[in-house]
Amino acid sequence: PILRGSPFMNSAAEAKAYRTAHNIPLPIIFKAAFGGGGRGMRLVKTEAELADAYERCTSEARTAFGNGAVFFEEFLQDARHVEVQVVADGSGGAV
């Protein structure tokens with residue numbers, strides 16, 4: 001499946017509004033936009049967890065990576081990690 005997600009979120013309220021407007025179900029996972037290695041990630045299983053997860057994720061991202069920007073994605077339990085790299089030149093060429 002292709003999981004839906006958000007652009008960078010500026011607040012927990014914005015994340016909640018975006019999720020509602022785009023009918024993205026829980027659970028979701030906040031991710032550090034400029035991070036990796038499993039750091040700066042917070043799972044949200046209930047609406048009550050959203051604000052705290054957002055705050056913790058942005059704080060960890062800011063501390064670990066120097067930038068607190070986060071986005072969220074639908075969370076798929078027991079998924080396997082498959083990563084694809086795409087390189088593009090800005091003029092229509094891509095590999």
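What is the volume of the largest pocket? The legends below take up this and other views of a predicted model, in which local features need pLDDT of at least 70, side-chain atom pairs count only at pLDDT 80 or more, and totals for chains, interfaces and linings use all residues. Residues are numbered from 1 along each chain as its sequence is written, and side-chain values use heavy atoms, with hydrogens and water left out.

View 1. The volume of the largest pocket is about 560 Å³, where a pocket is an open set of points on a 1 Å grid over the protein atoms alone at which a 1.4 Å probe fits, with protein on both sides within 12 Å along at least five of seven lines, and the volume is the space filled by probe spheres set on the points, joined across faces, edges and corners. Its lining (residues with an atom within 4 Å of a point) has 16 residues, of which Leu3, Lys31, Glu73, Arg80 and His81 are the closest to the centre. Strand E1 (28–32) and strand E3 (70–74) are the elements that give two or more residues to this lining.

**View 2. The chain as a whole.** The chain contains 2 helices and 3 strands, in the sequence pattern α-β-β-α-β; helices (H or I, at least four residues) and strands (E, at least two) are DSSP runs numbered from the N terminus. The C-alpha trace spans about 45 × 30 × 25 Å along its principal axes, and 26% of the 95 residues count as buried, that is, under 20% relative accessible area with a 1.4 Å probe and protein chains only.

View 3. Asparagine 23 counts as exposed because its relative accessibility is 61%, the cut-off for exposed being over 50%.

**View 4. Aspartate 78 in the segment after E3.** Aspartate 78, placed in the segment after E3, is a residue other than glycine with a positive phi, near 60°. Its relative accessible area is 70%, so aspartate 78 is exposed.
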